[in-house]
Amino acid sequence: MENVILVVGFLLLPSLLYVVGRIAGRDVWGLVLSRYEKRGASAYRAAEVPVWVPGKAPRSVRAAAITSFLLGQMVIPGALAALVGLVMCLEMLGRSPGVMDRMVLILTLSAPSGLYVAGALLMLGSLLLRRGPNAAARARWIGRWSVLHNVLLIAALLVACGPKRDLVPIVVYALISLAHAALLFVAARALDAHDLSQAGENLPSPGEAATTAAG
């Protein structure tokens, strides 16, 4: 039962943010050709009429958004952990640090960068779903920052602490973050491709398309 509560709690905020973002971005993805319908009073006067419907966010963008919410919410426990780490670092003053002390010190020093990435991801998820004007550029920026942060974090931990079992959860989370950064780059390319396709198509105005779809 406790595991179920933890899973529900972990998914609750990202799910709410995702639903709100999808609703807010419902009308920002342009129009796509759904099908052709025959219209006309008789067989001789019938004509093939295109039916346009509202477009949807690419799958990679939706995946990047929900995972950004999932990882971004870690800013809350991350901030608490950073405060605990700071207290522990102050207690280390005046004594020679051991392996665990070095690990805590590195994690505490890297906390500001990690909290920045997490907070930025929370905002990026909504920006992606709403197709913000700078969504692709923002996704690339945060992706690059995440790669730099996590690569340096793994390297610093391995150099200072060696391949210890206690590092496994931290390294696994960093690898997940690196995979998510790669997804952000894919989503950014999908946004650019969507913008190009929208600019290159001779789409009807939203009013004309709504009339056609309703008819």
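Me: Contact means heavy atoms within 4.5 Å of each other. Against which helix do the buried residues of H3 pack?

Reply: They pack against helix H4 (99-129). This is a predicted model, in which local features need pLDDT of at least 70, side-chain atom pairs count only at pLDDT 80 or more, and totals for chains, interfaces and linings use all residues. Residues are numbered from 1 along each chain as its sequence is written, and side-chain values use heavy atoms, with hydrogens and water left out.

Me: Which residues of H3 are called buried, and what puts them on the same side?

Reply: Ala-82, Gly-85, Cys-89 and Met-92 are buried (under 20% relative accessible area; exposed is over 50%, partly exposed in between, with a 1.4 Å probe and protein chains only). Around the axis they cover an arc of only 75 degrees, so they lie on the same side of H3. The face turned away from that buried side carries exposed Ile-76, Leu-80, Leu-83, Leu-90 and Glu-91.

Me: How do you know that the length of H3 agrees with its residue count?

Reply: H3 has 18 residues (75-92), which at 1.5 Å a residue should span 26 Å; the end C-alpha atoms are 25 Å apart, so the two agree. After H3 comes Gly-94, with a positive phi near 90 degrees.

Me: Why are H4 and H5 called roughly antiparallel?

Reply: The axes of H4 and H5 (residues 135-161) cross at roughly 170 degrees and come within 10 Å. Roughly antiparallel means over 145 degrees (under 35 is roughly parallel, 65 to 115 roughly perpendicular, the rest oblique), and H4 and H5 are therefore roughly antiparallel.

Me: What is the orientation of H2 relative to H4?

Reply: The axes of H2 (residues 59-72) and H4 come within 8 Å and cross at roughly 150 degrees. That makes H2 roughly antiparallel to H4. Residues in the contact include Phe-69 of H2 and Leu-122 of H4.

Notes
Helices (H or I, at least four residues) and strands (E, at least two) are DSSP runs, numbered from the N terminus. The expected span of a helix is 1.5 Å times one less than its number of residues. The arc is that of the directions from the helix axis to the C-beta atoms. Axes are lines fitted to C-alpha atoms, for helices over the stretch in contact, and angles run from 0 to 180 degrees between N-to-C directions.
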